[in-house]
Amino acid sequence: MDPALLREREAFKRRAMATPTVEKKAKTESSFAAPKDIKKPRPASAAPKIDASNYKTMSGSSQYRFGVLAKIVKHMRTRHQEGDDHPLTLDEILDETNQLDIGSSVKTWLQGEALRNNPKIEVTPDGRFLFKSVFKIKDGKSLMRLLKQHDLKGLGGVLLDDVQESLPHCDKVLKNRASEIIFITRPNDKKKILFYNDRTANFQVDEDFQKLWRAVTVDAMDDAKIDEYLEKQGIRSMQDHGPKKPLLPKRKKLANKKRQFKKPRDNEHLADVLETYEDNTLTQSNAVQEIKQNN
């Protein structure tokens with residue numbers, strides 16, 4: 001072999017030995033490393049999306065079911081307030097509410113359970129559906145008849161919300177009958193109450209009586225305290241407003257009473273013939289006692 005090449009080879013080895021190098025070690029699996037078979041959780045954005053077209057046909061969604069029912073009840077109330085009081089079938093209701101694409105299970109639930117048990121829906125004998133209002137009133141005359149009955153029976157007023165729900169074209173009727181109705185705002189919840197305006201009860205009260213009435217404060221007194229105050233002033237308060245029940249006669253108790261001996265009424269025609277021996281028995285008992293004393 002050429003000696004020049006050998007010298008160059010030895011020089012190359014010396015240079016290689018003098019140059020520092022960093023050795024890369026192979027990566028070892030540490031004990032805390034996660035196993036490969038464990039799946040990482042998916043981010044929230046990777047969750048399966050619900051198709052809007054299939055959502056309406058999902059029979060298991062109770063929220064969707066009650067949403068359909070609420071839309072039906074709202075539509076039935078609106079058409080009743082507009083004067084449409086003829087009953088409708090379920091298909092006609094779904095057609096008017098644009099809900100013909102509901103599933104068969106939801107339709108069966110509406111027909112057999114939901115609409116029949118709803119307190120705002122009335123079912124006719126032929127299976128049709130109507131809106132069930134609080135009062136059966138259709139016009140101004142029926143409204144005034146209702147207010148008069150409440151006034152005569154002492155039932156108080158009627159909520160404006162119930163009248164608006166029950167009476168078709170309510171605003172127009174109330175405007176025409178404004179002089180016959182008294183509107184009172186309830187202080188606790190600010191709701192309006194309707195009362196019958198009985199003009200026969202209108203009379204002039206002296207100002208002195210009005211001042212006395214307004215000077216008396218009974219806000220912090222209950223009915224028992226008011227009754228007690230009136231009794232002390234010699235005034236009897238009204239009680240037992242309802243009809244009184246007839247009192248049943250009490251039966252006489254004969255168990256604790258001693259029986260009284262009644263003289264015989266028979267043989268009255270022999271009254272002059274009968275004799276009494278009370279005197280003889282007394283004389284005989286006296287004689288026996290004297291004999292005992294002498295002995």
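Predicted model: local features only at pLDDT ≥ 70, side-chain atom pairs only at ≥ 80, totals over all residues.
A residue counts as partly exposed when its relative accessible area falls between the cut-offs for buried, under 20%, and exposed, over 50%. By that rule histidine 169 is partly exposed, because its relative accessible area is 48%.

**Overall make-up**

- The protein chain has 295 residues, of which 18% count as buried, and its secondary structure comes to eleven helices and five strands.
- The accessible surface of the protein chain comes to about 26400 Å², and carbon and sulfur atoms account for 53% of that surface.

**Salt bridges**

- The structure holds nine salt bridges, and one of them joins the side chains of lysine 120 and glutamate 165, with a distance of 2.7 Å from N to O.
- Lysine 120 lies in the loop between helix H5 (104–117) and strand E1 (121–123), whereas glutamate 165 belongs to helix H7 (residues 160–166), so the pair ties together parts that are 45 residues apart in sequence.
- The two partners fall into separate accessibility classes, since lysine 120 is partly exposed with a relative accessible area of 25%, while glutamate 165, at 13% relative accessibility, counts as buried.
- Another salt bridge is formed by the side chains of arginine 128 and aspartate 126, at 3.3 Å from N to O; here arginine 128 counts as partly exposed at 28% relative accessibility, and aspartate 126 counts as exposed at 54%.
- The side chains of aspartate 189 and arginine 186 also meet in a salt bridge, with 2.6 Å from N to O, and both partners are partly exposed, aspartate 189 with a relative accessible area of 33% and arginine 186 with 30%.
- Salt bridges that share partners also join Arg77, Lys120 and Glu165 into one network.
- As a general point, side chains of opposite charge can pair when their charged atoms come close.

**Residues with a positive phi**

- Histidine 169 is not a glycine, yet its phi is positive, at about 55°; the residue lies in the loop between H7 and helix H8 (170–176).
- Lysine 190 is likewise not a glycine and has a positive phi, in this case of about 65°, and its place is the loop between strand E4 (181–185) and strand E5 (192–196).
- Lysine 190 is exposed, because its relative accessible area of 62% is over the 50% cut-off, whereas histidine 169, with 48%, is partly exposed.

Note on methods: Residues numbered from 1 in each chain as written. Heavy atoms only, no water. Helix = DSSP H or I, 4+ residues; strand = E, 2+ residues; numbered from the N terminus. Buried < 20%, exposed > 50% of the residue type's maximum accessible area, 1.4 Å probe, protein only. Areas by Shrake-Rupley, 256 points an atom, 1.4 Å probe, with all protein chains shown as cover. Salt bridge = Lys/Arg side-chain N within 4 Å of Asp/Glu carboxyl O.
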